[in-house]
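Please look at the charged side chains in the structure shown here, and follow how they pair or gather.

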Amino acid sequence: TSEAASDLKNTDYFGYVELDDFACYVIADGIDDQLEAMSAKLTVDTVVTVFSEAPSMSRRMMKKCLKAANRALLEARSKTTLKASVIIVLTDYVKLRYGQAGNIRLRLYRNGFIKEETIDQSLSTDMVHEEKLPKDKVASHEERNNLYTYLGQKSDFHPHISKKIKLTNADAVALYTRDIWEHIDEGEMKDVFADASDKPQELVD
């Protein structure tokens with residue numbers, strides 16, 4: 001869900017492929033200030049293409065998708081350096097695996113409670129781990145977008161790849177960019193999933 005303001009273009013991009021045996025969902029956030037949203041769109045298009053060539057949810061496939069997206073941004077013909085945050089979800093509808101580079105977030109909710117969540121690859125998050133910053137202050141901290149892993153990285157590209165996570169019928173997976181978590185209170189997010197049913201459209205609304 002996205003709503004553009006009058007003087008700001010949203011540079012997030014989302015795409016997916018749903019097949020009989022596997023599905024791929026990918027969301028990207030351009031962090032290069034390009035209003036054309038080239039980074040995010042190129043990221044999503046690349047991941048969807050790579051996945052579609054040989055669908056699976058293996059760790060190898062996830063690595064292949066992430067490396068291909070990183071390479072696509074590095075090799076793109078652009079006047080400026082292209083960079084993006086990304087989360088990829090691969091699933092066989094019984095289990096899922098996610099891959100992350102940057103500070104797009106994934107939450108897996110089960111019966112209204114958080115079962116699984118990602119950790120931002122940012123300086124602010126490191127400060128939380130070191131107890132130099134309260135977790136509820138990350139959304140407004142000046143280093144929240146200072147990322148040490150992201151797409152478009154020439155060296156030391158180390159995205160996080162999860163293990164397989166078993167799903168149940170009551171699970172809801174939310175993927176959201178900083179445009180959500182910078183502006184919506186953590187308590188409000190929890191209330192949404194605690195009160196909503198398992199119908200995806202109701203959760204989004």
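A search of the whole structure finds six salt bridges, each being a side-chain nitrogen of Lys or Arg within 4 Å of a carboxyl oxygen of Asp or Glu. This is a predicted model, in which local features need pLDDT of at least 70 and side-chain atom pairs count only at pLDDT 80 or more, while totals for chains, interfaces and linings use all residues. Residues are numbered from 1 along each chain as its sequence is written, and side-chain values use heavy atoms, with hydrogens and water left out.

One of the salt bridges joins Arg 178 to Asp 29, with the closest N and O atoms 2.6 Å apart. Because Arg 178 lies in helix 4 (residues 178-181) and Asp 29 in strand 2 (residues 23-30), this pair ties together parts that are 149 residues apart in sequence; helices (H or I, at least four residues) and strands (E, at least two) are DSSP runs numbered from the N terminus. Both Arg 178 and Asp 29 are buried, where buried means under 20% relative accessible area, exposed over 50% and partly exposed in between, with a 1.4 Å probe and protein chains only.

Asp 171 forms a salt bridge with Arg 110, again with 2.6 Å between the closest N and O atoms. Asp 171 belongs to strand 9 (residues 171-176) and Arg 110 to strand 5 (residues 105-110), so the pair ties together parts 61 residues apart in sequence. Asp 171 counts as buried because its relative accessibility is 16%, and Arg 110 is buried at 19%.

Asp 45 and Lys 41 meet in a salt bridge of 2.8 Å, N to O, and both lie in helix 1 (residues 38-53), four residues apart, about one turn of the helix.
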